[in-house]
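Trainee: I want to learn how labels are given to a protein model. Can we go through a few, one at a time?

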Amino acid sequence: MPTTPADFTAADYRARMARAADAAADAGLAGLLVAPGPDLVHLTGYRPVPTERLTLLVLTPGRDPVLVVPTLEAPDAEQATGAPALTLRDWTDGTDPYAVTAPLLGAEGRFGVSDNAWAMHLIGLQRALPGTSHVSLTEALPMLRAVKDAQELARLEAAGAAADDTYREILKVPFAGREESEVAADLAALLRQSGHSQVDFTVVGSGPNGANPHHEAGDRTILHGDMVVLDFGGLKHGYGSDTTRTVHVGEPSVAEQRVHDVVREAQQAGFAAVRPGVACQEVDRAARAVITEFGYGRNFIHRTGHGIGVTTHEPPYMIEGEEQPLVPGMCFSIEPGIYLPGRFGVRIEDIVTVTEDGGLRFNNTPREMAIVE
């Protein structure tokens, strides 16, 4: 059973910001501009609500990190764990925050900008510094958060174990005769009971709704004989969980069992492909080859996996064309599926981390099809 992970320290955040600044220099960038969101949480531990008031972490190679904040939010910023590792620069209402920020950047250069920065803030910076240009962090530094350290891995392990506990418990509740939304509410409650502070999604796709990979649980009544896709996750200790199992209400037909067996074999093939140095696309190819071999290639309509960390979806992605090599500490999902419109869908998903010689699953509930009532 995973133990409670140790708290991050100011030294941890100082090291992350230093690595990020070095990565920016290696990528030919003049620096990084990080707005409120997952990148800021990862780099500083500060989690402000995005607003029209500018908050921005400025990382430039060879200079100390600076966090630009509204004066009224400075006391909260000072309480962030990473605050001792940076300099706060505040601005008051009625003054120009971009004039405060501009001297930190320089008149020219190309800067990486976190993807969720507001357009109004980026336009304000461009107006103040017309000689600068910008590129999204996903494009410039897609692996910024991809390789997890030991403390981050411990958090992901704990989140995975909590999601596993949720799955074991949901198998005990009645399915037949209840609406999908009721089972989804059970999943959300169980995730919180297992220690999740945030529930991001609870997909319950019964019968033909299971053929929609991101089906929103609705008012369809689950029937005896339905296949039901359960995909759920959220954040525990600030890091993500995401797992999928497909269950059946009563005994499945031969055809339903066959499809489930194919997906399970594909998921195992994807996991078996995980090892350092292998391109991300090889995980997708391995899982997709199995599904294609059994004649369901056109029914596998999404990538095999996505990275996970302080958000439940982030780089790297397990998809054809992604040549990024796997590195120990990377964490991502392996979730092949088969979707038969008008009939049912099947998906099986685990979170996996790359080890020195292969892969390790953070989800360990049975992948065989469970029978529910």
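Mentor: Start with a term. A cavity is a set of grid points where a 1.4 Å probe fits but cannot get out. Keep in mind that this model is predicted.

Trainee: How many cavities of 30 Å³ or more come out by this rule?

Mentor: The count is 3. The largest cavity has a volume of about 70 Å³. The second largest cavity has about 50 Å³.

Trainee: What makes a residue part of the lining of a cavity?

Mentor: A lining residue has an atom within 4 Å of a point. For the largest cavity, the lining includes A35, P36, R53, W118 and H121. For the second largest cavity, the lining includes L33, A35, W118, H121 and L125.

Trainee: Which helix gives the largest share of the lining of the second largest cavity?

Mentor: Helix α5, residues 119–128, with 3 residues.

Trainee: How do the residues of that lining divide by class?

Mentor: In the second largest cavity, 9 lining residues are nonpolar, 1 is polar and none is charged. Leu, Ala, Val and Trp count as nonpolar. The largest cavity has 7 nonpolar, 4 polar and 1 charged residues in its lining. Arg counts as charged, and R53 is in that lining.

Trainee: What makes a space a pocket and not a cavity?

Mentor: A pocket is an open set of points, whereas the probe cannot get out of a cavity. The largest pocket holds about 340 Å³ of space. Its lining has 20 residues, and the closest to its centre are V203, P213, H214, D231 and H313. Strand β7, residues 198–206, gives the most to this lining, with 3 residues. By class, the lining of the largest pocket has 6 nonpolar, 7 polar and 7 charged residues.

Trainee: How do you know which residues make the contact of α7 with α8?

Mentor: Contact means heavy atoms within 4.5 Å. From α7 come A163, T166, E169 and I170, and from α8 come V183, D186, L187, L190 and L191. By class, 6 are nonpolar, 1 is polar and 2 are charged. Glu and Asp count as charged, and E169 and D186 are in this contact.

Terms used. Residues numbered from 1 in each chain as written. Predicted model: local features only at pLDDT ≥ 70, side-chain atom pairs only at ≥ 80, totals over all residues. Heavy atoms only, no water. Helix = DSSP H or I, 4+ residues; strand = E, 2+ residues; numbered from the N terminus. 1 Å grid on protein atoms, 1.4 Å probe; cavity = no way out; pocket = protein on both sides within 12 Å on 5 of 7 lines; lining within 4 Å. Points joined across faces, edges and corners; volume = space filled by probe spheres on them.
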